[in-house]
Amino acid sequence: MKTKVVVICMTYNHAQFIEKTLQGFVSQKVDFPVCYIVRDDASTDETADIVRRYEKKYPSLIHGIYETVNQYGIHRDMPYSQKLILETDGEYYAFCEGDDYWCDDYKLKKQVDLMDAHPNATLCIHGHFLLNNKNEKLKPVHPYRKSGPISTKDVILEPYGMPATCSMLMRGTAIKKYPYDILKCPVGDRNRRVFLASIGTVLYIDELMSVYRINNSQSFGVKLVDYDKSLNLVREMNLFYDKFDLYTDGKYNEAISLVKEREWISHYMRFHDYKSIVNTRYYREYFPLTNKIKLFIKWRLEPLYTLYKKVNRY
């Protein structure tokens with residue numbers, strides 16, 4: 001029987017988080033076959049032991065892959081997650097990394113039912129919480145304003161925040177077509193979203209069904225406090241967008257021009273270059289008013305903003 005959903009979980013040194021991730025998997029209420037592939041990248045803590053315990057307890061659900069040598073930084077033609085997608089036979093694919101988790105027992109059921117009802121849909125995403133690992137405070141994120149189809153332009157621009165990787169459900173026949181020989185990308189979620197939007201319909205469910213953790217030692221964003229790493233990421237992301245523009249024959253050129261500015265804004269924000277931010281077109285035309293107010297406070301009233309962060313502890 002073909003597996004309805006294959007869930008791919010990449011984990012490394014997530015011993016303090018992975019149990020919550022796995023519990024979110026086995027708690028899903030579904031009426032279809034699901035396979036959870038959990039790949040531990042030679043963790044030096046107890047992560048692999050926890051995965052093995054769950055694999056033993058739920059052998060029909062959890063399937064562990066245990067690297068003996070850490071694979072981070074080893075050059076590959078495509079991400080390991082895409083290799084797993086090509087090697088397995090899922091009708092749909094979902095992701096959840098080992099420091100994130102699902103907080104709705106019906107998450108997969110809701111997404112699958114919606115995708116089944118819309119055969120032209122290639123991707124379904126939903127709202128999520130940001131969990132600040134420093135203070136355990138949750139912040140709701142609604143990347144779009146209402147449930148329903150999302151335009152390709154809005155998938156590219158992410159006007160109200162970036163959807164979480166752990167919110168994505170992708171149609172297998174679509175994501176298997178991703179051309180990694182042409183569209184290499186330094187991250188594994190934005191590229192997939194814009195590609196899937198370019199070949200089908202993207203659906204959004206305005207419900208908070210997963211939790212994306214920030215400010216822990218394994219978070220992607222933590223690595224970007226280094227100026228050169230941040231700068232390299234911007235350049236690589238914008239190179240990807242240039243290639244995507246060519247791949248789609250300039251169909252989304254306007255949105256791509258703006259999203260490239262947004263990549264620079266992310267870099268400027270990390271290093272408090274507020275003057276450069278306000279000089280961008282993306283800031284003038286697409287920054288929500290609340291974000292403009294926050295930016296003004298950061299820029300002009302930084303001591304008050306520091307106090308605000310201490311009071312709110314976020």
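This dialogue covers the salt bridges and cysteines of a predicted model.

Student: What should I know about the conventions?

Tutor: The model is predicted, so local features need pLDDT of at least 70 and side-chain atom pairs count only at pLDDT 80 or more, while totals for chains, interfaces and linings use all residues. Residues are numbered from 1 along each chain as its sequence is written, and side-chain values use heavy atoms, with hydrogens and water left out.

Student: How many salt bridges does a search of the whole structure find?

Tutor: Side chains of opposite charge can pair when their charged atoms come close. The rule here asks for a side-chain nitrogen of Lys or Arg within 4 Å of a carboxyl oxygen of Asp or Glu. The search finds 20 salt bridges.

Student: Which parts of the chain does the pair Asp-89 and Lys-2 link?

Tutor: The closest N and O atoms of Asp-89 and Lys-2 are 3.9 Å apart. Asp-89 is in the loop between helix 3 (80-87) and strand 4 (90-95), and Lys-2 is in the segment before strand 1 (3-11), 87 residues apart. Helices (H or I, at least four residues) and strands (E, at least two) are DSSP runs, numbered from the N terminus.

Student: Is Lys-4 buried or exposed?

Tutor: Buried means under 20% relative accessible area, exposed over 50%, and partly exposed in between (1.4 Å probe, protein chains only). Lys-4 has 15% relative accessibility and counts as buried. Its salt-bridge partner is Asp-116, at 3.2 Å from N to O. Asp-116 lies in helix 4 (residues 107-117) and Lys-4 in strand 1, so the pair ties together parts that are 112 residues apart in sequence. Asp-116 itself is partly exposed at 37%.

Student: Where do Glu-67 and Arg-39 lie?

Tutor: Glu-67 lies in the loop between strand 3 (62-66) and helix 3, and Arg-39 in strand 2 (residues 34-40). Their side chains form a salt bridge with an N to O distance of 3.2 Å. Arg-39 is buried, at 7% relative accessibility. Elsewhere, salt bridges with shared partners join Glu-158, Arg-190, Arg-193, Arg-262 and Glu-263 into one network.

Student: How accessible are Cys-103 and Cys-166?

Tutor: Cys-103 is partly exposed at 36%, whereas Cys-166 is buried at 1%.
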